[in-house]
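Open the model in your viewer and keep the selection panel at hand. The tour below says what to select at each stop and what is there.

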Amino acid sequence: MRVAVVSDIHGNLHALEAVLAAVDADPVGELWCLGDTVGYGPKPNECCAIVAARASVSLCGNHDLGVLGRIDLAEFSGDAAVAASWTRGVLTAESRDWLSALEPRGERDGVALFHGSARDPVWEYVLTDEAAVATLLLTTEPLVLVGHSHAALNVALRGSELEAGLSPEGTVLGLGEARWLLNPGSVGQPRDGDPRAAYLILDLDARTASFRRVPYDVERTQSEIRAAELPEVLAARLEVGQ
Ligand code: ZN
């Protein structure tokens, strides 16, 4: 089965629609979402409705939990807290009910799924070798997927040898003969220097992973952020992917 993996959509409807259009041009068996469907962005309810309808498995992330009131907004940075508070005010009952049922960790078809990491599924950023090893040692599945850092990356553990790097667009990996930890990158707020929406295509039979980027109408999302009077920095960062 082929699977499209998305994460960190963050209420960016036009980025999500661009990813799904690209996915639908070469259809997959399932869509998996690693969390943070809301927060930062101007269209949280639209994104929840689409992911709820299309994803076979969805996790919640720290922003989703902040919006629900299950994490104190004092734990968020200023702009993130402002956006989470705004999102709380516009969230529909349907979105709330759907988000409330999600967990920050899961398992599907022998693949371990976390929003953050195995050590801390809500908050930990897997951005160091130490963090990657910790998550690989706390899991037994050959393949582990994480989101949260908004950077597309891959980590391979062969015996005691670790190899890690960013996964720019076009990166294709064979997943045999190692344990892997992959981050698809962020759909709605990339932070790895490429502003295009990020997603990952897995082929669970051929054991391959293909990292993809797709352009979307950044200006349209920016104007929605400004119309909602969300912090300007949340609009500005989208065009640079930082
Ligand atoms: Zn996020």
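**Stop 1: an arginine in a helix**

Select R226: with a relative accessibility of 41%, R226 is partly exposed (buried means under 20% relative accessible area, exposed over 50%, partly exposed in between, with a 1.4 Å probe and protein chains only). This is a predicted model, in which local features need pLDDT of at least 70, side-chain atom pairs count only at pLDDT 80 or more, and totals for chains, interfaces and linings use all residues. Residues are numbered from 1 along each chain as its sequence is written, and side-chain values use heavy atoms, with hydrogens and water left out.

R226 sits in helix 7, residues 218–227. Helices (H or I, at least four residues) and strands (E, at least two) are DSSP runs, numbered from the N terminus. Now show contacts, meaning heavy atoms within 4.5 Å. Not counting residues up to four places away in sequence, R226 touches E232 and A235.

**Stop 2: the zinc ion**

Select the zinc ion next. Its protein donors are D8 (OD), H10 (NE2), D36 (OD) and H150 (NE2), at 2.0 to 2.6 Å. Donors are N, O and S atoms within 2.8 Å of the metal (3.2 Å for Na, K and Ca); water is not among the atoms, so sites may look incomplete. In sequence the donor residues follow the spacing D-x1-H-x25-D-x113-H. D8 and H150 link distant parts of the chain, 142 residues apart. Find D8 in the loop between strand 1 (2–6) and helix 1 (13–24). H150 is in the loop between strand 6 (143–146) and strand 7 (153–158). D8 is buried at 0% relative accessible area, and H150 is buried at 2%.

**Stop 3: two packed helices**

Select helix 2 (residues 44–54) and helix 5 (residues 93–100). They pack at an angle of about 50°, with axes 9 Å apart. Axes are lines fitted to C-alpha atoms, for helices over the stretch in contact, and angles run from 0 to 180 degrees between N-to-C directions. Show the side chains: N45, C48, V51 and A52 in helix 2 meet S95, W98 and L99 in helix 5.

**Stop 4: a serine in a strand**

Finish at S58, in strand 3 (residues 57–58). Is S58 buried or exposed? S58 is buried, at 15% relative accessibility. Leaving aside neighbours within four places in sequence, S58 contacts C33, V51, W98, L102 and E103.
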